[in-house]
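This report describes selected local features of a single model. The sequence and structure are shown first, followed by the conventions and the findings.

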Amino acid sequence: MRDYFSIGEVSKMTGFTINALRHYDKIGLCKPILVNTDTNYRYYHANQLFYFDIIRFAKKIGMPLEDLKRIFDTTEMKSFKDFLNEMKSQMEDQIEELKNHMIDIDNIQDQISTAEILTDTQGLYQREIGERDVVTSPILPVSINNRFVKQMEQLELKIQEAELTTTFESGTIYKLQEELIPITLYKGVILNFDTDINVITRIPAGTYLCINYKESNRQEALDTLLNGIQELQLKNPLIIDTTLLDDIFSLEDRSHELQVFVGDLI
């Protein structure tokens with residue numbers, strides 16, 4: 001077996017371009033071990049090929065080459081083993097992050113599937129909805145400039161500060177007096193084990209009287225819902241207007257569902 005390889009050969013064996021190998025040489029990350037003084041050709045030792053495997057792994061997990069260079073410069077196995085543990089820890093963090101992203105995708109898919117079923121339902125219907133944890137932002141007075149933007153900023157800030165994952169459900173919570181009065185905007189979230197529950201509002205599980213609508217027929221749907229509330233003789237009902245994800249590309253006539261809490265199913 002040969003002990004030394006030219007930069008071109010190393011490029012072919014490792015998959016790194018010649019320019020990349022020259023860059024690693026320039027910054028002192030992995031320098032050719034032998035230089036022919038007559039031709040100025042540079043050669044790597046066969047055992048150096050392993051370094052490029054480590055460089056590749058470090059790049060995959062986003063570790064700065066400067067950090068890797070410090071490890072290589074120590075030439076101490078303890079430092080290298082510590083480095084491997086650090087790489088493993090970063091990979092575990094990335095795995096957890098990917099799992100969270102998969103949860104996000106599952107939430108979106110569930111919302112789309114539910115919305116597609118609901119929008120095929122005409123008139124009033126009742127359905128069971130599970131308990132929902134939401135973050136809310138109070139409806140600001142009409143007199144405040146850019147009130148909707150400020151409300152949304154408050155909402156997003158709460159979610160970011162609490163480091164919460166959203167469920168992609170959002171809408172408005174109302175109270176019914178002589179007319180329907182908006183109280184808060186909300187976004188659904190998934191709690192962490194250390195979430196400050198003071199930032200959370202819990203929408204109860206149970207049976208909800210519902211009707212879906214588009215902006216073009218909102219008043220008609222609302223009138224139908226109010227008649228249903230009157231028939232059931234609900235007092236001070238919790239009313240939720242949630243956006244449905246049956247067609248996220250329909251910007252002007254997005255689907256919604258009005259939900260009125262009827263009570264526990266038990």
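## Conventions

Buried means under 20% relative accessible area, exposed means over 50%, and partly exposed lies in between (1.4 Å probe, protein chains only). Helices (H or I, at least four residues) and strands (E, at least two) are DSSP runs, numbered from the N terminus.

The model is predicted: local features need pLDDT of at least 70 and side-chain atom pairs count only at pLDDT 80 or more, whereas totals for chains, interfaces and linings use all residues. Residues are numbered from 1 along each chain as its sequence is written, and side-chain values use heavy atoms, with hydrogens and water left out.

Helix α1 spans residues 7–14, and its buried residues are Val10, Ser11 and Thr14. Seen down the axis of α1, these residues fall within an arc of 105 degrees, so they line one face of the helix; the arc is that of the directions from the helix axis to the C-beta atoms. They pack against β1 (4–6), α2 (18–26), β3 (42–45) and α3 (49–60), where contact means heavy atoms within 4.5 Å. Just after α1, Gly15 adopts a positive phi of about 90 degrees.

An open sheet is formed by three strands in the order β1-β3-β2, with antiparallel pairing; two strands pair if DSSP finds at least two bridges between them. The edge strands, β1 and β2, each pair on one side only. Three bridges join β1 to β3, and Ser6 stands opposite Tyr43 in β3.

Strand β11 (residues 255–263) is mostly covered, with seven of its nine residues buried. Eight bridges join β11 to the antiparallel strand β9 (residues 206–214), and Tyr213 stands opposite His256. Strand β10 (residues 238–243) also runs antiparallel to β11 and is joined to β11 by five bridges; Ile240 has Gln259 as its bridge partner there.

Ile211 belongs to strand β9 and is buried, at a relative accessible area of 6%. Beyond its neighbours within four places in sequence, Ile211 has contacts that include Leu124, Tyr125, Leu225 and Leu258.

## Thr167 in strand β6

Thr167 lies in strand β6 (residues 165–176) and counts as buried at 17% relative accessibility. Not counting residues up to four places away in sequence, Thr167 touches Asn107, Gln111, Gly188, Val189 and Ile190.

## Salt bridges

A salt bridge is a side-chain nitrogen of Lys or Arg within 4 Å of a carboxyl oxygen of Asp or Glu. By this rule the count is 13. Asp25, Lys31 and Arg42 are linked in a network of such bridges.

Two pairs lie within helices. Asp67 and Arg70 have their closest N and O atoms 2.2 Å apart; being three residues apart in helix α4 (residues 65–74), they are separated by about one helical turn. Asp67 is partly exposed at 25%, whereas Arg70 is exposed at 52%. In helix α5 (residues 77–118), Lys78 and Asp82 are four residues apart, about one turn, and their closest N and O atoms are 3.0 Å apart.

In a further pair, Arg202 forms a salt bridge with Glu131, the closest N and O atoms being 3.7 Å apart. This pair links distant parts of the chain, 71 residues apart: Arg202 is in strand β8 (residues 201–203), and Glu131 is in the loop between β4 (125–129) and β5 (132–138). Arg202 is partly exposed, with a relative accessible area of 45%, and Glu131 is exposed at 52%.
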